[in-house]
Amino acid sequence: MDIKLLKIRHFRGINCLDWDVAGRFVCLIGPGDSTKSTVLDALELALTFRRSVSFDDADFYNADTGNQILIEVTVGEVPANLLSEAKFGYLVRGWDGSPGIRDEPQEDDEPLLTIRLSVDETLEPTWLVVNDRHPEGKHISAFDRAKFGVSRIGDYVDWQFSWGQGSALTRLMEQREDVRSILASARRNAKASLNIDELPLLKQSAKNAETIGKTLGVAARSESGFVPHLDVRSVNIGASILALHDGSIPLRQAGLGTSRLLTIGLQHEAGRTGGITLIDEIEHGLEPHRVRRLLHVLRNGTRLQETANGDTTATETANQVFLTTHSPVALCELEPADLRVVRSENGVTDIKRLDDVLRPLLRTNPDAFLARKVIVCEGKTEIGFCRALDAWWSDAGHSFAYVGAALADGQGNTKGPVAALSFASLGYRTALFGDSDEPLNPNEATLNGSGVCTVVWAGGVSIEERIALDLPWNGFVEMARLAFEEYGEDHVQAKLAPQFGCQPRDVPVGPEEWRPLLSNEDAVRSAFAKTAKARKAEWFKRVDQAEKLGTLVIRHWADIAEKPLGVGIKQLKDWVYD
């Protein structure tokens, strides 16, 4: 199966969604309450094999039953028996591979069916196959909907381990064996195996019932009279009681992670001839290595088979997979083409594809893709500095996590702005935090016009220079000592000597003694900062060192709050907590 289009109106948190799916493996990402799970719910309900589904007022957008729920799913790779004239052949639509569908199919088009689920104020659901030529449509039964092979993998998966209607095990059978006669025999054997002589209290109760019956004119017809026994009709030996066991232990007793993993595998294998698997939070209950392996199998569209000699081979499956995740581990295993960013605002849900620009950040900063707000930092210095600010602001009860903000390493003044634009285009609230010593590309006006808040230091300087220039002298001395402590006296002296115009041995180890080496204090500060950021020095280009530097700045906040350094920090804080 291959879902092409999804249309939702007035369903739970979604007032309006029109989504061109375009993919066999689709992972929905976004912050909480962005309606990711609602999208899976809509797909499941529209194509469910269940004969009846209960709805209530809360299933309507804003609980307004005046606007009916409408879910339309347009599906390709439809089973041939659903396309016959006796079924839905006259309702077929067409698709030629380009965006959109044709209501009147052409000769070479792939045939599609659109299934519409509608629910009005009566709360009674109606399933129809429709097109624009026949909007009144034709009813599609649960039996026919089951042919789409939709399976939702949630927390309750026990039923998937039985041979019941719609379960993965049933769909996995090469042929549908008629087990009704076997089950009828099992019920009779269960009744025959009961020894009522071992139930004296129940026998006495039955005889009391017989006595009461006689009093009322209800006589027993058999010689043995009233006795306790199994009611074959009440003995629930149906298809669902035939369950998968590991030896004598039912597999339903396995842990949640193991149960979900095996269920997903069964459903994926059952989809070799077509199916749709819906998985909410794929990482739930699974260790990282299991998540990676599972995603590898699902993403590559393969099914595993064992050959005669015991080897395992992989072949393609026609299964389509929709999943959600909040796991950075999962994102690291995926490609931009697999991901769809879900955003919801005022009831309008929008689903967008990632572009390839953000590929590197999927590996280095996957958590940024799961946030509401993203601070794209020019480099590791800004990352570490922001971590210190986060720790400081968290003490006042306002952490980055509180507002759903995350950091991303932009890897320079060219890549960073481009990444910021990409995040903003996907609906993330985005800020760019970086230096001003080199022009931004794209420039600040372009970024601001695209919704990116730019936080850059006044004066055309780097973060190291801004800090060195604005700290009080004793704070600057502490900054210099951080370099000595981490890299040693010889290294720091050798790097500073050319800036100070002397030999390394003539650079005092005590930063407080540097003033006489240059014309004024600002020259000393600037010389140190330029050295600190230079290649082969880069004293604060590590996240941990930059975090120490940020902590130092915070200690001197009273002295720098009104300076350009403090103004930039306040601008960033105002954006984060806006």
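# A first look at this predicted protein model

The secondary structure of this protein comes to 19 helices and 21 strands (DSSP runs numbered from the N terminus, with at least four residues of H or I for a helix and at least two of E for a strand). This is a predicted model, where local features need pLDDT of at least 70 and side-chain atom pairs count only at pLDDT 80 or more, while totals for chains, interfaces and linings use all residues. Residues are numbered from 1 along each chain as its sequence is written, and side-chain values use heavy atoms, leaving out hydrogens and water.

**The protein overall**

- Of the 578 residues, 48% are buried (under 20% relative accessible area; exposed means over 50%, and partly exposed lies in between, using a 1.4 Å probe and protein chains only).
- Among contacts with a separation of 6 or more, 70% are between residues 24 or more positions apart (contact means heavy atoms within 4.5 Å).

- Leaving aside neighbours within four places in sequence, Phe433 touches residues including Ile375, Val376, Trp457 and Leu572.
- Helix H1 (residues 36-46) is mostly covered, with 9 of its 11 residues buried; Val39, Leu40 and Leu43 are among them.

**A parallel sheet**

- Look for an open sheet of 4 strands in the order E19-E18-E20-E21, with parallel pairing (two strands pair if DSSP finds at least two bridges between them).
- E19 and strand E21 (452-456) are the edge strands, each pairing on one side only.
- From one strand to the next, the twist averages 20° (axes are lines fitted to C-alpha atoms, for helices over the stretch in contact, and angles run from 0 to 180 degrees between N-to-C directions).
- Helix H11 (residues 415-425) packs on the sheet, where it touches E18, E19, E20 and E21, and its direction makes about 170° with that of E20.
- Strand E18 (residues 373-377) runs parallel to E19, joined by 5 bridges, and Val374 stands opposite Ala406 in E19.
- The β-α-β crossover from E18 through helix H10 (residues 380-394) to E19 is right-handed (with the strands pointing away from the viewer, the path from the first strand over the helix to the second runs clockwise).
- E18 also pairs with strand E20 (residues 429-434) in the parallel sense over 5 bridges, and Val376 stands opposite Leu432 in E20.
- In strand E19 (residues 405-409), 5 of the 5 residues are buried, so this strand is largely enclosed by the rest of the structure.

**Backbone details to spot**

- Most residues other than glycine have a negative phi, and most peptide bonds are trans.
- A cis peptide bond joins Asn441 and Pro442, with omega about 0°; Pro442 is in the loop between E20 and helix H12 (444-449).
- Asn62 has a positive phi near 55°, and Asn62 is exposed, with a relative accessible area of 62%.
- Glu538 has a positive phi of about 50° and is partly exposed, with a relative accessible area of 35%.
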